[in-house]
Amino acid sequence: MHDSPITAEHNPALRHHFSDMAQQKNAASLGMWLFLVTEIMFFGGMFCAYLIYRLAFFNDFSAASRSLDIRLGATNTAVLIGSSLTVVLAVNAAQSGNRKRLVTYLLATIFLGCVFLGIKAVEYKQKFDEHHVPGPTFDFEGEKGAAEERPVVQGHAQLFFVLYFLMTGMHAIHMIIGVGLFSVLTLLAWKGHYTSSYYTPIENSGLYWHFVDIIWIYLFPLLYLINRHH
Amino acid sequence: MSEHKASIRFYLGIFLTLLVLTGATAGVAYVDLGPLNPVIALGIATIKALLVALFFMHVYGTSERMTRVVIVSGLFFLMLLLGLSLADYATRAWS
């Protein structure tokens, strides 16, 4: 069993059950997209519940939505879009095999992810202080002099906040997982695990990050921007 | 997926477009457009999601047909979930 040409020369990152790097990459990418499709359906269930209750209790949902801080929400949207940019630049750096730029952009992504979570924590703190968190101490008056057609029903407003905390909470958990993921990637990238011919983990983690970004792109108008113009 | 290296300037352009759209969606929410408000809000969100998916996630230019099938099937089932549920709940005259 001397060195046959097949086993002797191949990319060290190529697993032996794939015929070449392109096939291995396609398989990994397909698997990642399959996972993201399950994530679409997972969040889809929550979006569906939200839409049904928003239709049923629009008056209370719009009053509760207006109690959210739109400036913090919009800032967080911008931060998340910025982190998507650093992710795509990290993938770009990996493609060119530039280790320093790769590590820099990965760290920038982690930083922006943490900024997002920090702002989210401030928002949650406000909601706890205002007793807008669903539970025995829940109390939602609606703003004074608000132009609501009917008085706010506490239970229906509470339902909005249940969905708000459920959806933004699940989103935040995905962000925390993403930050953990990118921390590992940074370490491995620093050690030089990724080359211009093998950076699939960077690319697939990037897909995950962008997906979480897209979820927020829908959460922002749905949760923060109901009937703002009153 | 084959190599699809776009320039950094291109990514910056997409990023700026996304920021402008975010500002637009927050701004237009304060204008009373009646039933059009949620339509515009979701329309802008969908444009943003498309920009992210096509250019940041590199769906545009992917050579892999299976990946496209998976993405489209995911969206199809999401539409099935939302569409059929709302077709029920939104048309209940008695509730």
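Which domains does the domain assignment give for chain B? The answer is domain 1 (1-61) and domain 2 (64-95). The legends below cover this predicted model, view by view.

**View 1. The two assigned domains of chain B.** Domain 1 of chain B spans residues 1-61. Domain 2 of chain B spans residues 64-95. Their centres, taken over C-alpha atoms, are separated by 22 Å.

**View 2. Chain A meets chain B.** On each side, count the residues in contact: 47 in chain A and 47 in chain B. Together the two chains bury about 4100 Å² between them. Carbon and sulfur atoms account for 77% of that area. Three residues of chain A lose the most area to chain B: A:Trp33, A:Ile81 and A:His229. Together they make up 15% of what the chain A side buries.

**View 3. Polar links between chain A and chain B.** How many salt bridges are counted between chain A and chain B? The count is 0. Polar contacts do occur, with 3 residue pairs counted at pLDDT 80 or more for both partners.

**View 4. The side of chain A that touches chain B.** Three elements of chain A each give two or more residues to this side: α2 (21-56), α4 (70-95) and α7 (200-224). Helix α2(A) supplies the largest share, 18 residues. Sorted by type, the residues of this side are 29 nonpolar, 12 polar and 6 charged.

**View 5. Helix α3 of chain A, mostly covered.** This helix runs over residues 58-66. Of its 9 residues, 8 are buried.

**View 6. A:Lys127, a lysine in helix α5.** Find A:Lys127 in helix α5 of chain A, which covers residues 99-129. Is A:Lys127 buried or exposed? A:Lys127 counts as buried because its relative accessibility is 2%, and the cut-off for buried is under 20%.

**View 7. The surroundings of A:Lys127.** The side chain of A:Lys127 makes a polar contact with the side chain of A:His132, at 2.9 Å. Now leave aside the neighbours of A:Lys127 within four places in sequence. A:Lys127 is then in contact with A:Ser67, A:Leu68, A:His132 and A:Val133, and also with A:Phe161, A:Tyr164 and A:Phe165.

How values were computed: Residues numbered from 1 in each chain as written. Chains lettered and ligands numbered in written order. Predicted model: local features only at pLDDT ≥ 70, side-chain atom pairs only at ≥ 80, totals over all residues. Heavy atoms only, no water. Helix = DSSP H or I, 4+ residues; strand = E, 2+ residues; numbered from the N terminus. Buried < 20%, exposed > 50% of the residue type's maximum accessible area, 1.4 Å probe, protein only. Polar contact = N/O pair within 3.5 Å; in protein donor to acceptor, adjacent residues only side chain to side chain. Contact = heavy atoms within 4.5 Å. Buried area = accessible area lost by both parts, 1.4 Å probe. Salt bridge = Lys/Arg side-chain N within 4 Å of Asp/Glu carboxyl O. Nonpolar A, V, L, I, M, F, W, Y, C, P; charged D, E, K, R; others polar. Domains from an automatic or database assignment.
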